[in-house]
Amino acid sequence: MLPRRPGPDAAMRGVAAAVPALLLGACVALTEQPRALIEGPDGIAVRTLPCPSAAETARAWVRAAPGAALDPGAIRITTWNLHKESDDGWAEDLARFAAGADALLLQEVTLVDPVRDILHGAKLRWVMASSFIYRGADIGVVTATRVPPVASCTQRAVEPLLRLPKSAVVSWLPLASPGVTLAVANLHAINFTLTLGEYRDQLAALAETLSAHDGPIVLAGDFNTWSDGRLAALQNLAGRLRLSEIPLAEGRSRFLGKEVDHVFVRGLAVVSAEAIPVTSSDHNPVTALLRLSP
């Protein structure tokens, strides 16, 4: 979420005051285990997708013959915080971005029928890391891809002040290059914290999963880097994984003067990248055309 408040302390107080009312009204449900939803040929399956077993599956795949795979010379990535579909024009913009993406990374998604219909119409398969259920609808992070992933897993971290989780999806996508998978991590970072401890812990859990991958990586999403300390923690993660941030001259959404949406890559060359101004969310989507480095 990108709060529209004059400062972080005021934002924390305001949102924290509102959330207990939701919880007391029994509108929000939190599952004991992280909840993942997977769109497949037989409908939507609800599961838990732990990362250690998914990473092992991805490593095993490199020894198998690939089926459907992405073109390593042209990989189209888009990341966008959808703001729970609360702004006019979101459906038209989502359909546009879905049609042009090989991997569409969405944060703050309320999984309702129009979202599923748009992704299905774009012939994208998707995995959702549900953060919580509000009024019967899952809200969280969705990764939708042009080809089925080799494996996927989800992670969840609970914000210490609001007690509402934020989530991540990691998917390993097959490339039409022998023995190569692309790890794509889609993160919505926890927002309302008084210290950096929980924020660093969420990043560390993601780093542990990605560190088991030897190939190319895309790490993108809404990192809520509205302070120098948060940005430094994210840059430390990038250094640990040998990731480089895709530079963008302008256009990314800001909070307290800081850009909060980022795309990092490893083992990939950037052909082009841009942030696209929209009025259909409080975040501008970021798109990139990538190719596998020699």
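Me: Is C51 buried or exposed, and why?

Reply: Happy to start there! Buried means under 20% relative accessible area, exposed over 50%, and partly exposed in between, using a 1.4 Å probe and protein chains only. C51 has a relative accessible area of 5%, so C51 is buried. One thing to keep in mind is that this is a predicted model: local features need pLDDT of at least 70, side-chain atom pairs count only at pLDDT 80 or more, and totals for chains, interfaces and linings use all residues. Residues are numbered from 1 along each chain as its sequence is written, and side-chain values use heavy atoms, with hydrogens and water left out.

Me: Which residue does a disulfide join to C51?

Reply: In general, a disulfide is a covalent bond between the sulfur atoms of two cysteines. Here the rule is a pair of cysteine sulfur atoms within 2.5 Å, and it gives a count of one disulfide. That disulfide joins C51 to C153, with 2.1 Å from S to S. The pair links distant parts of the chain, 102 residues apart: C51 lies in helix α2 (residues 51-61) and C153 in strand β8 (residues 151-158). Helices (H or I, at least four residues) and strands (E, at least two) are DSSP runs, numbered from the N terminus.

Me: Why is the disulfide of C51 and C153 called right-handed?

Reply: Look at the torsion about the S-S bond: it is about 80°, so the disulfide is right-handed. C153 is buried too, because its relative accessible area is 0%.

Me: What does T181 contact, leaving aside its neighbours within four places in sequence?

Reply: Contact means heavy atoms within 4.5 Å. With those neighbours left aside, T181 is in contact with residues including W61, V62, W172 and H213. T181 sits in strand β10 (residues 181-188), and it counts as buried because its relative accessibility is 4%.

Me: How do the axes of helix α5 and helix α6 cross?

Reply: Axes are lines fitted to C-alpha atoms, for helices over the stretch in contact, and angles run from 0 to 180 degrees between N-to-C directions. The axes of α5 (residues 197-210) and α6 (residues 228-241) come within 10 Å and cross at roughly 15°. Angles under 35 degrees count as roughly parallel, over 145 as roughly antiparallel, 65 to 115 as roughly perpendicular and the rest as oblique, so α5 is roughly parallel to α6. Among the residues making the contact are Y199 and L203 of α5, and L234 and L237 of α6.

Me: How many helices and strands does the protein have?

Reply: The protein has six helices and 17 strands. Buried residues make up 55% of its 294 residues.
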